[in-house]
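Please examine the sequence and the structure shown below.

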Amino acid sequence: MTMAGEADLIPGIFSYCDRWCERCAFTARCLQFQVESGEQKSGSALHEFDALNAGFWQEMGEALVNAMRYIREMAIKQGLGVDDLQKETVLSEPPDSKYRNAREHPCSAAALLYAGMVNEWFAAADDIFEEESLLMNPNQPSFREPVEIIRHYQYFIYPKIVRAVEGRMNDIASGINEPDNDANGTAKIALITIDRSLAAWSLLYTGLPSQEDSTLSLLVHLDRLRRSVEVVFPAARSFVRPGLDA
Ligand code: SF4
């Protein structure tokens, strides 16, 4: 096996990643990837692959801006202001001893609900969506990538939030309050995958007008979960993941 230069490898880069190596912009610097995949590409080929993936996620970052815009527009239509959107009182309770376990916390429950909502959305959209034919049709807007993103993260978000809440519960019980703890790192990757899912949903929102209402419901639910996780884990966004956030 040909490995990228070992000097380039970043220790622990895989600790807080999304485990989506096919879409990762850091394969050339990840020992886990190179060992697990038995990758045969040279270092420069891996760097090229990584650069393509970095460009892909940059484009998705632009889609996320649109997702936020749609959610704001919806809020205005419903008579809500930006301040109302910022308030989160339902899901963002501290993960303290009133919960017997992390799965009971409202953020965990909302993440599990989201996974089910995704299945319902795809089941309801089936008739018009005809996944395979529509995804393959070059004359249709490209749904392949947003669907791939949504499906990849659909069952990723819930266990990450449960783990983060569990970590926070343990920290509270032990009187620990360190910003660079595992709970914040885990909450950060949950937030990143929520952001990416929101971006992907915004592409489906504009591409499938007949599904506008149900897509908007998903966008709103996921956005509420995002804001709640940010409240419960205020240090998560600034957590520095090895290599990924440098
Ligand atoms: S850092 Fe990237 S390449 Fe390494 S395990 Fe995570 S997703 Fe895969």
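**A guided reading of the model**

Tyrosine 205 is buried, with a relative accessible area of 14%; buried means under 20% relative accessible area, exposed over 50% and partly exposed in between, with a 1.4 Å probe and protein chains only. Tyrosine 70 also counts as buried, at 11% relative accessibility. The model is a predicted one, in which local features need pLDDT of at least 70 and side-chain atom pairs count only at pLDDT 80 or more, while totals for chains, interfaces and linings use all residues. Residues are numbered from 1 along each chain as its sequence is written, and side-chain values use heavy atoms, with hydrogens and water left out.

The overall fold comes next. The protein has nine helices and zero strands, and its elements run α-α-α-α-α-α-α-α-α from the N terminus on. Helices (H or I, at least four residues) and strands (E, at least two) are DSSP runs, numbered from the N terminus. Of the 246 residues in the protein, 47% are buried. Contact means heavy atoms within 4.5 Å; among contacts between residues at least 6 apart in sequence, 75% join residues at least 24 apart.

The interior can now be considered. A nonpolar core is a set of buried Ala, Val, Leu, Ile, Met, Phe, Trp, Tyr and Cys residues joined through side-chain atoms within 4.5 Å. The largest such core has 60 residues, and those with the most contacts inside it are Ile161, Leu198, Trp201, Leu225 and Phe233. Two or more residues come from each of helix 2 (43–77), helix 4 (106–129), helix 6 (144–154), helix 7 (157–174), helix 8 (182–207) and helix 9 (212–232). Helix 8 gives the most, with 13 residues. Apart from this core lies another, of eight residues, among them Cys17, Ala28, Phe33 and Leu244.

Which residues does isoleucine 161 touch? Not counting residues up to four places away in sequence, isoleucine 161 touches Cys107, Ser108, Ala111, Ala190, Ile194, Leu225 and Val229. Alanine 190 lies in helix 8 and counts as buried, at 1% relative accessibility. Alanine 190 and isoleucine 161 are 29 residues apart in sequence, and 6.4 Å apart in space, C-alpha to C-alpha.

The structure also holds nine aromatic pairs. Rings of Phe, Tyr and Trp (its six-membered ring) pair if their centres lie within 6.5 Å; planes under 30 degrees apart count as stacked, over 60 as edge-to-face and the rest as tilted. Tyrosine 70 and tyrosine 205 form a tilted pair, 4.8 Å centre to centre with 45 degrees between the planes. Tyrosine 70 lies in helix 2 and tyrosine 205 in helix 8, so this pair ties together parts that are 135 residues apart in sequence. Phenylalanine 122 and tryptophan 201 form another tilted pair, at 6.3 Å centre to centre and 45 degrees between the planes. Because phenylalanine 122 lies in helix 4 and tryptophan 201 in helix 8, the pair ties together parts that are 79 residues apart in sequence.

Arginine 151 lies over the face of phenylalanine 122, at 3.9 Å from the ring centre. A charge sits over a ring if NZ of Lys or CZ of Arg is within 6 Å of the ring centre and within 35 degrees of the ring normal.
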